[in-house]
Amino acid sequence: MAASPVTVVPPGPGRGGPGGPAVPRGLRYANRSLAVAGTGIIWIVLLGPVIALLTHLSWSSITSSLSAPGAFDPLITSAESGAVTLGVLLLLGTPLAWALARGALPFPRVWETGVLASLLLPPLVVGLLLVFMIGPYTPIGHLLGDLHLSATNTFLALVIAQVYESAPYYVLGAQAAFASVDPRLEQQAALLGDPPGRVFRRVTVPLAAPGMAMALAIAWARAMGAFGAVVIVAYHPTGLPLQIWTTLQETGLPSALPYALVLLVVALPLPIAAYIWSARARGRRRG
Amino acid sequence: MAGMAGMAGMAGMAALACLGLAAAGCSSSGSSGNPGNSGGSGDAKHSGTANVAYAASLTYLNERVFGPAFANATGYAYQGTAGPSDGLSGEIAAKTIFPNVFISVGDKPIAELGPKLARWFIQYASTSIVVAYNPASKYAPQFEAIASGKKPLAGLFTLMEQPGFQLGRTDPNTDPQGRAFIYMLELAQMKYHLPKDTVTKILGGPPASPKSTQIFDEAALDSRLQAGQVDAASAYLSQAKQLHLRYIALPPDINLGDASFAGQYAKASITITGNETKTGSPLTLDITTISGAKDAAAGDAFVAYVLSKAGRDLYARQGGYTLLTPALTGPADAVPALIRKELGR
């Protein structure tokens with residue numbers, strides 16, 4: 001195959017290459033201002049619901065909602081179930097993500113399609129289908145019953161619903177993180193005598209860690225905000241999203257909104273920390 | 001620098017795209033007022049949308065039968081929002097939804113809106129509470145024997161007390177059906193002289209506790225029963241018929257479906273969230289228009305259609321509803337003329 005001809009364009013007016021004429025300072029300033037204004041509009045549009053939340057909250061509604069007896073129980077429930085969900089995702093989602101990234105599975109597209117299919121199903125539908133899977137009169141339900149457990153309106157049901165709502169986000173994110181690790185580094189470690197487990201622990205995971213942290217942070221946010229599947233299989237125990245829903249129905253919007261603020265305050269720090277750490281780790285790697 | 005200029009251009013275009021999306025949102029909601037959207041082929045002179053908030057038990061009837069029939073007959077478009085009556089009332093009051101018509105189970109959710117939003121309401125039909133059951137349940141033979149009258153109805157309540165019995169119901173704090181089921185149990189306990197802890201035993205704890213594992217969202221409850229994952233569940237007669245559920249009918253003095261027993265029903269009560277005590281009342285369907293809502297003429301036309309012969313025929317064909325002589329509560333002069341005409345005033 002013949003090499004395609006390469007056209008070299010010399011730096012000229014407006015292109016601003018090295019040695020070219022400098023762009024006037026005023027134009028540079030105008031360009032920058034336009035860029036900031038444009039991205040600012042996009043940012044504000046995306047933040048619209050959060051801005052609406054903050055502008056419609058009053059101190060009196062916050063204090064009256066959050067000073068009620070048991071007001072923080074949903075927060076504790078959500079935090080506990082979210083933490084367990086993350087543990088389950090790390091344990092079960094990581095090997096799947098690694099296998100998908102390394103092409104270690106036969107018919108890889110089939111496996112990937114499976115993960116995507118679970119992402120595409122609306123959470124409400126996932127919840128309805130979970131009833132067929134883990135209801136008390138299903139084989140799994142019977143098995144759980146023998147163990148004196150139940151996946152209907154229990155903490156276990158809440159965790160299962162959150163895992164189903166968040167798992168695809170973690171698996172796809174972690175897959176991308178593993179795929180970004182150069183396999184030659186793993187091969188070199190193996191050639192130096194490291195067994196596969198050690199290679200994974202000392203080479204693959206540290207290099208994929210920033211991406212995995214982001215995947216985990218997104219999964220956490222998804223789990224904390226999970227509602228569609230949760231409302232079907234775990235009306236009780238009440239986590240924050242369901243508390244917002246039932247409070248809205250019981251006493252109206254002013255008393256429901258403070259719980260949305262609590263959800264934001266509790267769910268946001270982990271993704272922000274992961275984002276900062278991930279960006280710094282990437283920056284260090286670049287040099 | 002060229003990168004910066006490009007970035008500026010991209011950001012500007014993306015911002016315009018965002019504004020375009022917002023505009024598209026506006027035009028989309030605007031176009032919903034087009035009668036053609038509901039597939040209506042009726043009078044094209046009418047424009048506007050009957051935006052109806054209604055008790056979730058009416059979902060099939062309104063969305064599949066009544067809405068399209070109304071659009072065809074009048075030329076107005078139809079849009080529905082289903083939910084628990086109390087919840088809808090709260091959302092209307094909080095202005096998170098903006099219907100021009102509200103249909104509630106029981107008149108209390110309408111009355112709670114106050115005269116600024118709803119000055120009158122009309123009671124036009126009623127339904128009753130039944131116990132729907134799973135034909136694959138291990139208790140199915142007993143359910144069938146009770147449903148056919150071969151075994152006494154009182155046995156149903158003893159059966160529901162059994163440890164391990166999977167009962168499903170809706171949240172009494174947010175849903176009239178959830179409360180109606182508890183009133184029915186209280187009335188049955190009185191009627192059949194059952195032990196005083198029967199209701200508590202059946203419910204697995206205090207009547208209005210939201211922590212009960214028996215409580216489900218209404219949509220989840222129906223799907224659980226259809227998936228065979230509960231033994232029995234509360235249901236309205238209309239729902240049981242519409243979803244082809246097996247059910248045990250209850251006598252009128254405990255099923256909350258007969259307005260002549262209103263005094264008897266009032267003997268049952270529960271205290272819900274906010275320390276508010278609610279008492280039993282007939283499960284009537286009550287309709288009103290919301291003052292100050294957009295497209296008021298379309299809302300008036302919807303209410304008039306519900307009360308018309310054509311509308312009542314649709315309810316009768318659906319089954320599970322008892323049609324009542326429409327009864328107005330509130331000042332007659334506040335009712336729009338089109339609706340007054342259907343009331344014969």
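Trainee: Is the crossing of H6(A) and H8(A) left-handed or right-handed?
Mentor: In this predicted model, H6(A) and H8(A) cross in a right-handed manner.

Trainee: At roughly what angle do the axes of these helices cross?
Mentor: The axes of helix H6 (residues 123-134) of chain A and helix H8 (residues 155-179) of chain A cross at roughly 130° and come within 10 Å.

Trainee: Which residues make the contact?
Mentor: H6(A) contributes Pro123(A), Val126(A), Gly127(A), Leu130(A) and Ile134(A). From H8(A) come Ile160(A), Ala161(A), Tyr164(A) and Glu165(A). By class, seven residues of this contact are nonpolar, one is polar and one is charged.

Trainee: Turning to the two chains, how many residues of chain B are in contact with chain A?
Mentor: On chain B there are 38 such residues, and they are in contact with 33 residues of chain A.

Trainee: Which element gives the most to that side of chain B?
Mentor: H1(B) does, with 10 residues. The side of chain B that touches chain A has 18 nonpolar, 14 polar and six charged residues.

Trainee: And what domains does chain B have?
Mentor: The domain assignment gives domain 1 (42-125 + 285-342) and domain 2 (129-279) of chain B. Their centres, taken over C-alpha atoms, are separated by 28 Å.

Trainee: How many residues of domain 1 of chain B are in contact with domain 2 of chain B?
Mentor: There are 14, in contact with 13 residues of domain 2 of chain B. Helix H3 (residues 85-93) of chain B supplies the largest share of the domain 1 side, three residues.

Technical notes
Residues are numbered from 1 along each chain as its sequence is written. Chains are lettered from A and ligands numbered from 1 in the order in which they are written. This is a predicted model: local features need pLDDT of at least 70, side-chain atom pairs count only at pLDDT 80 or more; totals for chains, interfaces and linings use all residues. Domain bounds come from an automatic or database domain assignment. Two residues are in contact if their C-beta atoms, placed from the backbone, lie within 7 Å. Helices (H or I, at least four residues) and strands (E, at least two) are DSSP runs, numbered from the N terminus. Ala, Val, Leu, Ile, Met, Phe, Trp, Tyr, Cys and Pro count as nonpolar, Asp, Glu, Lys and Arg as charged, and the others, Gly among them, as polar. Axes are lines fitted to C-alpha atoms, for helices over the stretch in contact, and angles run from 0 to 180 degrees between N-to-C directions. A crossing is left-handed if the near helix is turned anticlockwise from the far one by less than a right angle, and right-handed if clockwise.
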